Amino acid sequence: MTIHRAVAYVHWNYFLALEEDLDRLSRYVDFSGNDDAYSLEIARLLLGASAEVDVVLKLLCKRFNPNSAASSIGMYHAEVSANCPTFIDFETQLPRYGVTHQPWVNWTANQPPLWWSDHNKVKHQRDQHFKRATLKNCLNAVGGLFVAVLHLYEQEAANGELLQLPRLFNVGEQFFAGTQMGRYGHSFKYRVR
């Protein structure tokens, strides 16, 4: 028996898996408030999403510059902001909870977003900074991953090829390019430029 494989968008699938875990968390923590709530599960999601952000940003830099040596959040900024003009101001939404945010809006060459700094504190000094594993930081990290993955798969996102609709996340109106129905189900079309 032979199995044929098409291209799989591994980082999209990983985002969807983290988002599914976040959706499960919403049964226990109300996302329309509770920004300062923290827990082991929130910490796990924050750390997982942030680690994947690092991987995706590195790949995004390599996509634009195959010789890129960018290997940290500070180094990614110059290449990402130069090649992805909407990245920093990209708006994500969780319509079910009335949440709109821009997870990258405070990112500069010298300063990572607050959620990234807090993730590092939780990662390296959890005994002292566990309370920074907040719902707000987690939502920003998963939202930041959503933005990064959409930019990594820019063409596929524009063509509606990223299958399985996100459960929670959507994009701001200026980044939404419609829906389509295909053989494998519904998909969104995203405009990241």
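**First stop: helix H1**

Select H1, residues 10-25, and colour its buried residues: His11, Trp12, Phe15, Leu16, Leu18, Glu19, Asp21, Leu22, Asp23 and Leu25. Keep in mind that you're looking at a predicted model. End to end, from first C-alpha to last, the 16 residues of H1 reach 23 Å, close to the expected 22 Å.

What do the buried residues of H1 pack against? Show H2, helix H6 (135-152) and strand E5 (185-190), and you have the partners.

**Next: the core**

Now bring up the largest nonpolar core, a set of 58 residues. Trp12, Leu22, Leu57, Phe87 and Leu150 have the most contacts inside this core. H1, H2, H3, H4, H6 and E5 each supply at least two of its residues, and H6 gives the most, with twelve.

Click on Leu57. Beyond its neighbours within four places in sequence, Leu57 touches Ile73, Tyr76, Val80, Phe87, Trp104, Trp107 and Ala148.

**Then: helix H3**

Three of those names take you to H3 (residues 73-83), where Ile73, Tyr76, His77, Glu79 and Val80 are buried. Show helix H2 (40-64) and helix H4 (114-124) too: both are among what covers the buried residues of H3.

**Last: zoom out**

The C-alpha trace spans about 50 × 45 × 40 Å along its principal axes. For 193 residues, a compact globule would have a radius of gyration near 16 Å, and the 17 Å here agrees. Buried residues make up 48% of the protein.

Methods. Residues are numbered from 1 along each chain as its sequence is written. This is a predicted model: local features need pLDDT of at least 70, side-chain atom pairs count only at pLDDT 80 or more; totals for chains, interfaces and linings use all residues. Side-chain values use heavy atoms; hydrogens and water are left out. Buried means under 20% relative accessible area, exposed over 50%, partly exposed in between (1.4 Å probe, protein chains only). Helices (H or I, at least four residues) and strands (E, at least two) are DSSP runs, numbered from the N terminus. Contact means heavy atoms within 4.5 Å. The expected span of a helix is 1.5 Å times one less than its number of residues. A nonpolar core is a set of buried Ala, Val, Leu, Ile, Met, Phe, Trp, Tyr and Cys residues joined through side-chain atoms within 4.5 Å. The radius of gyration is taken over C-alpha atoms; the globule rule is 2.2 Å times the number of residues to the power 0.38.
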